[in-house]
Amino acid sequence: MVKIDDYFEYIGIALILINACLYLWSYINSKNVALFFLALYLVTSAFVVVISSYLGNKGEANLHYSHIYFITQFIFLSLFYRTLLNQNQKKGIDIIILLVLLTLAIQYFNKPYLTTQFNLLEIFITSVPLIIYSIMHLYNSLSKKGEFMLINAGVLIYLTTSTLIFILGDYLSEFKNNTITKIWMINKILYVIYLVLILVEWKKLNLPRKSKS
């Protein structure tokens, strides 16, 4: 019997695949750099989500794919925000990317067993910078018209919430399974909302083109 959280998982998979195709198509037609990094982010995320879901349903280990997800999300969304922020902020992003990747390389070199576990440090240092970038972009938009504001809102809301859920994972594991299930279902619902915002952003970006044709 299919559970409610399974429906949200399937909806999330469908949305990430649709978004990946749409943004890849948009980049091919526009050659916009920001769309390029968004497309890369969505394509790699779609790959990881589909493979992880498949392995999970078969009862096979899939935690190692979480590292690909968090690291590629950090790299591509950092580069996406780099195209939107000002020159000084871009320099800060360059430094953060270098420090985060160096930190993770050192950690995995010293503790290779973490590749088969949830790495809380990885989740924290790859997610918090993205939340900060989204706040910076929101602040910049107060003085000039901001781009991709729906995606920015999604990044801010979803990553803030999901990061807290992942970071508190050890603490939450002490509760009954029913409580944990409800909390992870909330995360799936928020992920679906995030993907819907990305889809609406694409529609918003492409409406002007349709009106001119």
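**Helices, pairs and loops**

Asp 94 is partly exposed, because its relative accessible area is 35%. The areas themselves come from the Shrake-Rupley method with a 1.4 Å probe, and for residues only the protein chains shown count as cover.

This is a predicted model, in which local features need pLDDT of at least 70 and side-chain atom pairs count only at pLDDT 80 or more, while totals for chains, interfaces and linings use all residues. Residues are numbered from 1 along each chain as its sequence is written, and side-chain values use heavy atoms, with hydrogens and water left out.

Asp 94 has a partner. Side chains of opposite charge can pair when their charged atoms come close. The rule for a salt bridge here is a side-chain nitrogen of Lys or Arg within 4 Å of a carboxyl oxygen of Asp or Glu. Arg 82 forms such a bridge with Asp 94, and the closest N and O atoms are 2.7 Å apart. Arg 82 sits in helix H3 and Asp 94 in helix H4, so the pair ties together parts that are 12 residues apart in sequence. Helices (H or I, at least four residues) and strands (E, at least two) are DSSP runs, numbered from the N terminus. Arg 82 is partly exposed, because its relative accessibility is 28%.

Now look at the two helices that this bridge joins. Two packed helices are described by the angle between their axes and the distance between the axes. The axes are lines fitted to C-alpha atoms, for helices over the stretch in contact, and the angles run from 0 to 180 degrees between N-to-C directions. H3 covers residues 64-82 and H4 covers residues 87-110; their axes come within 9 Å and cross at roughly 165°. H3 and H4 are therefore roughly antiparallel to each other. The classes are these: under 35 degrees is roughly parallel, over 145 roughly antiparallel, 65 to 115 roughly perpendicular, and the rest oblique. The crossing of H3 and H4 is left-handed.

Move to the start of the chain. H1 and H2 pack with their axes 8 Å apart, at an angle of about 150°. That makes H1 roughly antiparallel to H2. H1 passes H2 in a left-handed crossing. Ile 16 is found in H1. Ile 16 counts as buried, because its relative accessibility is 1%.

Most residues other than glycine have a negative phi. Lys 31 is not a glycine, yet its phi is positive, at about 60°. At 54% relative accessibility, Lys 31 counts as exposed.

Phe 148 also shows a positive phi, near 55°, in a residue other than glycine. Phe 148 lies in the loop between H5 (120-140) and H6. Buried or exposed, where does Phe 148 fall? Phe 148 is buried, because its relative accessible area is 5%.

Glu 9 forms a salt bridge with Lys 188, the closest N and O atoms being 3.5 Å apart. Glu 9 is in H1 and Lys 188 in H8 (residues 177-212), so the pair links distant parts of the chain, 179 residues apart. Lys 188 is partly exposed, with a relative accessible area of 24%. Asp 5, too, is placed in H1. Asp 5 counts as buried, because its relative accessibility is 16%. Its C-alpha is separated by 8.4 Å from that of Trp 184, 179 residues along the chain.

How many salt bridges does the rule give? The count comes to three. Among them is the pair of Glu 60 and Lys 58, whose closest N and O atoms are 3.6 Å apart. Glu 60 is partly exposed at 40%, and Lys 58 is partly exposed at 47%.

End on the surface. Phe 124, Leu 164, Ile 167 and Leu 168 form a nonpolar patch there, with about 350 Å² of accessible area together. Patches are made of residues with over 30% relative accessible area and no salt bridge; like charges are joined within 9 Å, and nonpolar side chains (Val, Leu, Ile, Met, Phe, Trp, Tyr) within 5 Å. Leu 168 lies in the loop between H6 (149-167) and H7 (169-172). Leu 168 is partly exposed, because its relative accessible area is 41%.

Technical notes. Buried means under 20% relative accessible area, exposed over 50%, partly exposed in between (1.4 Å probe, protein chains only). A crossing is left-handed if the near helix is turned anticlockwise from the far one by less than a right angle, and right-handed if clockwise.
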